[in-house]
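The following exercises are to be worked with the sequence and the coordinates at hand. Each task is followed by a solution in steps.

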Amino acid sequence: MFAVFAYFTCARAANAQWARQTTLDVGATHLTRDDFADTGGGTVAGLWSRWSERVSLVASGAATRVSDGQSTGIALGSASYTVPVNRVRLEGGGTGTILGTTDYAPSSSWMAFGRAHLLGAGWGAWLGGSGGNVHVERTTFPATTGELGAWYRRGGQRVTVSAITVTTSTVSTLILSDESLVRAHDPVRYADVSLIGHGTWRRFEVDAIALSRHTWKGDLASVPAASVAGAWWMLPNVAIAAAAGRQLADPIRGTVRARYATVALRLSAERHGPVAPLRKPPMVSPGAASLIATPTGKGAAVLLVHAPGARSVELMSDLTGWEPKALDRKSGRWELRLTTQPGPHHVVVRIDGKAWIVPANLPRIDNEMGGTVGLIVIP
Amino acid sequence: MRADRLVRCVRWTWAVAVLVAARSASAQASQGLDSATAAAIAPIVEQARAEKLPVTPLYAKAREGQVQRVPVAKIEAAVRTLADRMREANEALAPDASEQELNAAADAIKSGVPAQTLRAMRKAGGDGSLAVPIGVLTQLIARGVPVERASMEVVALLQKGAVARNFIALEESVRQDVLAGRRPDESLDLRLKGIIPNLPQSSAADGLTNASAPRRPR
């Protein structure tokens with residue numbers, strides 16, 4: 001409900017173009033927890049994510065039923081809003097987690113966070129912190145984190161390095177001789193230093209995490225951990241996904257230390273795999289414009305306009321029912337996404353509200369009504 | 001007897017539903033046109049619909065004229081001319097021409113492409129959509145490549161198995177050459193040399209052997 005409200009409110013506020021990711025995984029998992037015997041079972045996991053230049057919304061969940069009849073379910077949600085200030089982006093938001101396990105009381109956490117991002121061309125760094133409450137076994141205690149990180153991206157590959165310090169507590173339940181329960185808080189303070197790699201090669205995606213934990217206070221082990229996850233998109237909307245590795249205990253989310261291996265069928269609402277790269281519209285002089293069209297699949301295309309120095313760009317075409325449509329500015333170019341079929345179309349553009357003109361790179365044809373239009377062919 | 005009544009009833013219901021749907025589509029499509037323009041083009045649209053021609057391009061042409069504040073008589077003439085070209089295109093691209101193909105072919109005919117070339121393209125292109133090749137043909141002519149020359153080369157490319165991206169790349173290359181000062185027909189020659197070796201050569205389409213295709217001048 002909150003996500004839907006935030007989606008529409010923020011979309012209107014920021015006039016945003018949304019990117020999206022929606023997946024559902026159905027598969028099998030094998031778990032080895034330090035304090036339990038090995039278990040295996042079925043798992044279902046979903047991810048709903050929407051983000052724009054300013055707003056990010058994520059909701060995800062997973063449910064696992066293992067062979068001993070135990071079930072675990074976890075739901076996570078986060079929402080954030082970003083304000084640009086020159087090259088810095090100030091982000092504020094909140095996250096929530098609920099974890100439930102058969103025979104145990106559910107645990108939850110609610111955190112508010114703030115981050116300052118410094119963005120370059122193909123790289124970024126951030127500094128941030130968060131604070132909130134964790135609710136475990138009918139007790140509530142505070143948690144705070146501090147984080148510092150950086151990323152570098154080249155094509156479909158990205159590397160991220162981060163260090164996160166966590167100050168919170170773990171809860172131990174003691175059963176006394178008179179069968180009464182005593183819950184003891186054990187303060188913990190630790191830092192996780194991680195190296196994360198993400199790569200995309202045509203139909204194949206892989207994520208790898210190497211993490212080292214250093215505990216200063218409390219009984220959490222100072223150990224390394226690593227995991228790797230991959231997905232192969234055999235169809236644009238269907239993939240085989242697999243993951244294996246070790247996860248460390250997370251006192252804020254309530255998850256325990258375990259080794260795992262999972263294989264699943266992943267269904268996605270969005271298309272994956274190789275797509276035609278976006279070409280650049282030809283260079284033109286100030287006051288003029290050039291226009292190209294690139295298909296994005298499923299009868300959609302993106303129109304890209306290069307108009308140096310323009311403050312606003314509008315487009316009018318048989319594609320828009322000859323209604324003027326304002327284009328969105330994205331990293332130095334102007335773009336409009338449309339649903340259309342391959343073939344030729346007539347088009348004119350307007351820069352800064354001046355006269356309608358034919359884009360300089362398009363051939364001009366007479367419209368037989370005393371006007372001239374550009375002829376673009378959408379592949 | 002009862003069965004006859006039922007069949008008759010279903011037929012009437014179906015006929016009424018089709019009529020209502022057609023009127024509803026017409027009302028939707030004509031939205032955005034002022035009443036004078038809508039009335040002026042109504043007979044042209046009705047005739048096109050009766051001939052099973054797509055009417056959306058006709059409304060789009062009228063809308064284009066309206067936003068440019070063109071007099072109604074001029075809009076009506078432009079829509080009539082477009083309908084005539086689509087009719088000619090429909091015959092040339094028979095039996096199953098899509099709306100995109102007819103739209104593209106109407107532009108091509110306006111640029112001077114003969115119906116014979118469209119027929120040759122249909123024969124060479126098989127079941128694939130011709131909207132992109134015909135659109136690129138019109139672009140090449142608009143850039144200054146002579147009609148006969150452009151027509152011949154586009155048909156030849158179709159015969160050799162060229163696909164949409166080949167045509168788009170060809171047009172883009174010719175544009176760059178023309179911008180650099182090269183003659184459009186020279187550029188077309190040059191660029192075809194780069195594209196043809198990369199096409200899947202089909203055995204039946206080696207050269208312009210098709211009688212209905214335009215012939216290469218000797």
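**Exercise 1. Locate B:T117 and classify its accessibility.**

Solution. B:T117 belongs to helix α6 of chain B. The model is a predicted one. The relative accessibility of B:T117 is 2%. The cut-off for a buried residue is under 20%. B:T117 therefore counts as buried. As a further step, consider the distance from B:T117 to B:I134: the two residues are 17 apart along the chain, and their C-alpha atoms are separated by 9.9 Å.

**Exercise 2. Describe how helix α6 of chain B packs against helix α8 of chain B.**

Solution. Begin with the ranges: α6 of chain B comprises residues 115-125, and α8 of chain B comprises residues 147-159. The axes of these two helices are 8 Å apart, and the packing angle is about 15 degrees. Angles under 35 degrees count as roughly parallel, so α6(B) is roughly parallel to α8(B).

**Exercise 3. Carry out the analysis for helix α5 and helix α7 of chain B.**

Solution. Helix α5 of chain B spans residues 99-110, and helix α7 of chain B spans residues 131-142. Their axes come within 8 Å and cross at roughly 15 degrees. It follows that α5(B) and α7(B) are roughly parallel to each other, therefore falling in the class under 35 degrees. The crossing in which α5(B) passes α7(B) is left-handed.

**Exercise 4. Which residues make the nonpolar surface patch of about 1000 Å², and which elements give two or more residues to the patch?**

Solution. The patch is made by A:L24, A:V26, A:V44, A:W201, A:F204, A:W232, A:M234, A:L235, A:I240, A:V263, A:L265 and A:L267. Two or more of these residues come from each of the chain A elements β1 (19-33), β12 (224-235) and β14 (258-268). Take A:L265 as an example: this residue is placed in strand β14 of chain A. With a relative accessibility of 36%, A:L265 counts as partly exposed. Membership of a patch requires over 30% relative accessible area.

**Exercise 5. Find how many salt bridges the whole structure holds over all chains, and characterise individual pairs.**

Solution. A search of the whole structure finds 22 salt bridges. The individual cases may be taken in turn.

- *A:D25 with A:R266.* The side chains form a salt bridge at 2.8 Å, N to O. This pair links distant parts of the chain, since A:D25 is in strand β1 of chain A and A:R266 is in strand β14 of chain A, 241 residues apart. A:D25 has a relative accessible area of 13% and is buried.
- *A:E147 with A:R115.* The side chains meet at 3.3 Å, N to O, in a salt bridge. Here, too, distant parts of the chain are linked: A:E147 is in strand β8 (residues 139-154) of chain A and A:R115 is in strand β6 (residues 107-119) of chain A, 32 residues apart. A:E147 is buried at 12% relative accessible area, whereas A:R115 is partly exposed at 24%.
- *B:R183 with B:D185.* The closest N and O atoms of this salt bridge are 2.9 Å apart. B:R183 has 48% relative accessibility and counts as partly exposed.
- *A network.* A:K330, A:R333, A:E335 and A:R337 are joined into one network by salt bridges that share partners.

**Exercise 6. Examine the backbone at A:D352, at B:K52 and at the peptide bond from B:A94 to B:P95.**

Solution. As a reference, most residues other than glycine have a negative phi, and most peptide bonds are trans.

1. A:D352 is not a glycine, yet has a positive phi of about 55 degrees. A:D352 is found in the loop between β21 (343-351) and β22 (356-357) of chain A. With 23% relative accessibility, A:D352 counts as partly exposed.
2. B:K52 is likewise not a glycine and has a positive phi of about 65 degrees. B:K52 is placed in the loop between α2 (35-50) and α3 (56-67) of chain B. B:K52 is exposed, its relative accessible area being 75%.
3. The peptide bond from B:A94 to B:P95 is cis, with omega near 10 degrees. B:P95 lies in the loop between α4 (72-92) and α5 of chain B.

Technical notes:
Residues are numbered from 1 along each chain as its sequence is written. Chains are lettered from A and ligands numbered from 1 in the order in which they are written. This is a predicted model: local features need pLDDT of at least 70, side-chain atom pairs count only at pLDDT 80 or more; totals for chains, interfaces and linings use all residues. Side-chain values use heavy atoms; hydrogens and water are left out. Patches are made of residues with over 30% relative accessible area and no salt bridge: like charges are joined within 9 Å, nonpolar side chains (Val, Leu, Ile, Met, Phe, Trp, Tyr) within 5 Å. Accessible areas come from the Shrake-Rupley method with a 1.4 Å probe; for residues, only the protein chains shown count as cover. A salt bridge is a side-chain nitrogen of Lys or Arg within 4 Å of a carboxyl oxygen of Asp or Glu. Helices (H or I, at least four residues) and strands (E, at least two) are DSSP runs, numbered from the N terminus. Buried means under 20% relative accessible area, exposed over 50%, partly exposed in between (1.4 Å probe, protein chains only). Axes are lines fitted to C-alpha atoms, for helices over the stretch in contact, and angles run from 0 to 180 degrees between N-to-C directions. Angles under 35 degrees count as roughly parallel, over 145 as roughly antiparallel, 65 to 115 as roughly perpendicular and the rest as oblique. A crossing is left-handed if the near helix is turned anticlockwise from the far one by less than a right angle, and right-handed if clockwise.
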